[in-house]
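Thanks, everyone, for making the time this morning.

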Amino acid sequence: KPVAIANYLDYIHGLNLGKPVWVVMQLWATRSQPDLIPSAWENQAMVFMAIVHGAEGIGWYSFRFSDRKGELELASEAFPALWQNTQECIRILQTLSEALKSSPYNGYQKSGTVHYRIVADDNNIWLLAVETSGKPCNAKLRFETLLGVRSIERHFVGLETLVKWVGNRQI
């Protein structure tokens, strides 16, 4: 779950090991226990919660799984919505890759139940936010730019992930 990812990463960062932290997301279940598979929202929320909390790498386990009969099945065939969501997460991470590489982790911020972080490269500033409670809420997300402190007020419908371009760094 997204909050478990946040707690794990906060714990690891608190150890001050000086090593990059990678997170491997669950992408499997069995037909007999389909509730083990994360929903598309949980998958996306876990990915971006990991990034908000300083993960430097993301991976997924597994592309194949075995049902009770021992037959292997591709996750992309068994859970197409989750597979499409994972591909979308990868596309977003590719878009953010320069900003993520250029933004050393120095903590995250909270507004109520929303965890968020700003990442930036030479040209763009991105806001990454995850609502954690599943309940609708209003959040005021404050961050610094070269022009000073900005804030964005946003209503989250609950269990929502936000990746938003918030400015050009060259302004």
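Predicted model: local features only at pLDDT ≥ 70, side-chain atom pairs only at ≥ 80, totals over all residues.

Let me begin with glutamate 98 and lysine 101, which form a salt bridge whose closest N and O atoms are 3.0 Å apart; by salt bridge I mean a side-chain nitrogen of Lys or Arg within 4 Å of a carboxyl oxygen of Asp or Glu. Residues are numbered from 1 along each chain as its sequence is written, and side-chain values use heavy atoms, with hydrogens and water left out.

The two partners are separated by about one helical turn, because they sit three residues apart in helix α4, helices being DSSP runs of H or I with at least four residues, and strands runs of E with at least two, numbered from the N terminus. Lysine 101 is exposed, at 62% relative accessible area, whereas glutamate 98, at 43%, is partly exposed; buried means under 20%, exposed over 50%, and partly exposed in between, with a 1.4 Å probe and protein chains only.

How many salt bridges does a search of the whole structure find? The search finds three. Another of them joins glutamate 88 and arginine 91, at 3.0 Å from N to O, and both of these residues also lie in helix α4, residues 80–102. Glutamate 160 and arginine 154 meet in a salt bridge too, and here glutamate 160 is buried, at 15%, while arginine 154 is partly exposed, at 25%.
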